[in-house]
Amino acid sequence: MDESKQPTPKPGVCIPWDEKKRELPPIQGDDAQFQQVWEDVDAMAHTYIWHLLVSF
Amino acid sequence: MLFYIAATKRGISGEVFIVHSNDVDRKRGLRMSDKEMLYQQRLKRYTTALRKGKPDCVPIRPFVAEFTAKYAGMTCQEVSYDYRKAFEAALKCAADFDWDAVAASMVYVWTGLTHAVGLKYYGVPGIDVPADTGFQYREPPEDNAFMRADEYEQLIADPTGFLFNVWLPRVSGDVCAVGQPATFRNNLSFLKGGMAMMSYFHAFGPQIERLRRESGTVSAISGILKAPFDILADKLRGYMGLAMDLHERPKEVQRACQALMPHLLHIALSSADPARQVPIGFWMHRGCVPFISHDQFNTLYWPTLKPIIEELWRHGHQTMFYAEGRWLAHLDAFLELPEQSIVFHADQDDVFAVHKKIGHKFCISGGIPNYLLAYESPQAVRDFCKRVIDEVAVDGGYICDASAIMQNEVSIENIRAMTDFVRDYGQY
């Protein structure tokens, strides 16, 4: 994947769900749950790097 | 910070500690403990002053950092490398002094975490500096800044990606640059760093709960903000590098500040007090004259900060301007902000002049000079506090604190003198 062509992630996002979803086979189950949990965990990575910058 | 979210959910905005007791109103079967009543009294006092009101007496909210180590008989190494010791020292001070609010831990940098990540820009007590000297921040060399002058576009295009891919490998001795073979130390940096941060942040909830339960003390602030300009100066280009960029590439500096704004707002909002009672801590470093010119302040620093403060206020959050250094030249700009939206903490500014200029609009804190608290007599401390109460606190909207964060040079006797005098003379 050409990462240079990805749109700039918004605050709270490192790898957008849409980008991750493209890597997966077609979703058969609850799309919304996959998205919610992906985004919740992804946000922790944003917290990590931005707090390293701002708080430490 | 994230830990403040957990903290405030469990503390300030969370459950109220109600205890069962046999000697109270049996109809209700409940009464507040003495400590909880004290907490509620202090919370009301503190938040009334924050909103420029006149409480029952002047609130005392000292930001005691390495002072807590000195008081608890610990070294700076002990409290900076083991946050549990820092927490214990903060609890001991809160229990022994009649303070309304404190920071859960003002020794905010846990050097155990910075070691785990491999960060190079801290001077760690007991290793890089003597064990009883506070931790230090090392400015990057001008010719080896953590971000190069020709990397602005990369930062602007994707700030988060830049931090992970470019900045972190430069500030950490363990993290590998993109394209380099991953190493054991690289992998451990992320694992240990992430788990350490989670452990640290989550420890603040119980700490705030203990402050409330054991001494009836309010957690004074929640969340963190820094100005986009200061982030560029402190952590990316270095002050000297940025000073040159302001002349050689001002548009890129401006666009970089704009690119940082939404992320810094996000961090501030996500770490703020959900109950909207206590302010977000905003630590102001080098955005004032003479570090930059009036023109640079007006065209760059302020336009990329003011919208963040306004947005926080739209969400119901006050911001505490911890104005390190002298900011008197910029008070007119701060007056553009909505009434009560900020609390202005006076460091080296003349607190009396600050009060005259902005006291009609914002709560003011601080202004008791650290040199007085460290090196002068208790009577000199009392005399200065009297003047502050008479001239600044007279109509409310003032919170007693030292000018700057108190380290271990501050005298215990003088802190006691300040506390006792303000409690006694500061009754409205």
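1. Contacts within chain B. In this predicted model, 73% of the contacts in chain B with a separation of 6 or more are between residues 24 or more positions apart. The chain is built from 19 helices and twelve strands. Of its 428 residues, 50% are buried.

2. Overall dimensions of chain B. The C-alpha trace spans about 70 × 50 × 45 Å along its principal axes. The radius of gyration of chain B is 22 Å, which agrees with the value near 22 Å that a compact globule of 428 residues would have.

3. Chain A. This chain has 56 residues, of which 21% count as buried. Its secondary structure consists of two helices and zero strands.

4. The contact between the chains. Chain A contributes 16 residues and chain B contributes 24. On the chain B side, at least two residues each come from helix H6 (111-117), H8, helix H9 (184-215), helix H10 (228-236) and helix H12 (250-271). H12(B) gives the largest share of that side, with five residues. Sorted by class, the side of chain B that touches chain A holds 16 nonpolar, five polar and three charged residues.

5. Burial of H10(B). Is this helix buried or exposed? Nine of its nine residues are buried, so H10(B) is largely enclosed by the rest of the structure. The buried set includes B:Asp230, B:Asp234 and B:Lys235, as well as B:Pro228, B:Phe229, B:Ile231, B:Leu232, B:Ala233 and B:Leu236.

6. Surroundings of H10(B). The buried residues of this helix pack against elements of both chains: H2 of chain A, and H8, helix H11 (238-248), H12 and helix H13 (294-301) of chain B. H10(B) also supplies at least two residues of the side of chain B that touches chain A. Just after the helix, B:Gly238 has a positive phi of about 80°.

7. B:Phe344. This residue lies in strand E10 of chain B, residues 342-346. Why does B:Phe344 count as buried? It has 26 C-beta neighbours inside 10 Å, and the cut-off for a buried residue is 20 or more. Leaving out residues up to four places away in sequence, B:Phe344 touches B:Phe321, B:Ala323, B:Phe334, B:Val354, B:Ile358, B:Phe362 and B:Ile364. For one of these, B:Ile358, the separation from B:Phe344 is 14 residues in sequence and 8.7 Å in space, taken C-alpha to C-alpha.

Definitions and conventions. Residues numbered from 1 in each chain as written. Chains lettered and ligands numbered in written order. Predicted model: local features only at pLDDT ≥ 70, side-chain atom pairs only at ≥ 80, totals over all residues. Contact = placed C-beta atoms within 7 Å. Helix = DSSP H or I, 4+ residues; strand = E, 2+ residues; numbered from the N terminus. Nonpolar A, V, L, I, M, F, W, Y, C, P; charged D, E, K, R; others polar. Rg over C-alpha atoms; globule rule 2.2 N^0.38 Å. Buried ≥ 20, exposed ≤ 12 C-beta atoms within 10 Å, placed from the backbone.
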